[in-house]
Amino acid sequence: PQLGPEVIQKALSPFSESDWTVCCFGGLGDLVVYPGSCGTLCAEGAWDMPSPAYAFATKLQEPLRQGWDPLRQAVDLAHAQGQDFWYYVRPQGWFLNWPWDQACRSRFVGEHLDLRCVEADGKPIAHLSFAYPAVRQQLTAIAEEVLARGADGFCIALVRGYPLVRYEEPVRGRFRELYGEDVRTVPDTDPRLRRVWREFVEQWLRELRAVLDRAPGVTGTRRKL
């Protein structure tokens, strides 16, 4: 019931004497739970939280209004407990389905509908495509903000099988370059298409790895991915 820095204390301190060596805390896509310049604050503008599972978002609103930085608090508390801290992100969690959409909705998505994944017939779906550099950059920018607060790693939660790429223009172009065919004529089980998808996802992982390696920290310590 207390809305202040003790929210983070109550969330992480029970693990201080446990066998866990890492604390995770984070957000969905670029929906963040700390004051930053890149993402959208989780639950910003929300008028209802229909599930207790998302009550954390409203619990953090008052501390944020008071000028607290929940992410910095989580990093510092994990370190004080002798644990590493990894920022957790679901890369396709840019917004939630109804009735949670009013509580968790990325501004970036609304401003970049042209960067959505599309099916072979050209129909867009409700996920952004990592074939576009701007989408990858949005999440690497989040990683930079997190690392600046002292995080030891970046944890990607690839849950529920949401696609990162489908049949977008960069995918069509790369497939045509490699195989001289229109990718829209092949099924999504085609190993050649899977290879092209893999290139884009690996590119994002390389970009994230580079951000982690550039982050300031203890000499000789490599941030986890």
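Let me start with a term: buried means under 20% relative accessible area, exposed means over 50%, and partly exposed lies in between, with a 1.4 Å probe and protein chains only. Take Cys24 as the test case. At 37% relative accessibility, Cys24 counts as partly exposed.

Some ground rules. This is a predicted model, so local features need pLDDT of at least 70, side-chain atom pairs count only at pLDDT 80 or more, and totals for chains, interfaces and linings use all residues. Residues are numbered from 1 along each chain as its sequence is written, and side-chain values use heavy atoms, with hydrogens and water left out.

Confidence next. pLDDT is the predictor's confidence in each residue, from 0 to 100. The chain average is 89, and 92% of the residues score at least 70. Among the elements of the chain, helix α7, residues 169-179, has the highest mean pLDDT, at 98. The lowest, 68, belongs to helix α2, residues 55-59.

Back to the cysteines. The cut-off here is a pair of cysteine sulfur atoms within 2.5 Å. For Cys24, the closest cysteine sulfur is in Cys155, 4.4 Å away, so that is too far for a bond. Cys117 is buried, because its relative accessibility is 0%.

Now Thr140. It is placed in helix α6, residues 133-148. Thr140 counts as buried because its relative accessibility is 3%. What does Thr140 touch, leaving out residues up to four places away in sequence? Trp204, Glu207, Leu208 and Val211. Contact here means heavy atoms within 4.5 Å.

Ala103 sits in the loop between β4 (84-90) and α5 (107-111). Ala103 is buried, at a relative accessible area of 2%. From Ala103 to Leu12 is 24 Å, C-alpha to C-alpha, with the pair 91 residues apart in sequence.

Pro14 is in the loop between α1 (6-12) and β1 (22-28). At 58% relative accessibility, Pro14 is exposed. Its C-alpha lies 26 Å from that of Glu145, 131 residues apart along the chain.

Last, Arg160, in the loop between β7 (153-156) and α7. Buried or exposed, this Arg160? Exposed, with a relative accessible area of 62%. Look at the backbone too: phi of Arg160 is near 65 degrees, a positive value in a residue other than glycine.

How values were computed:
Helices (H or I, at least four residues) and strands (E, at least two) are DSSP runs, numbered from the N terminus.
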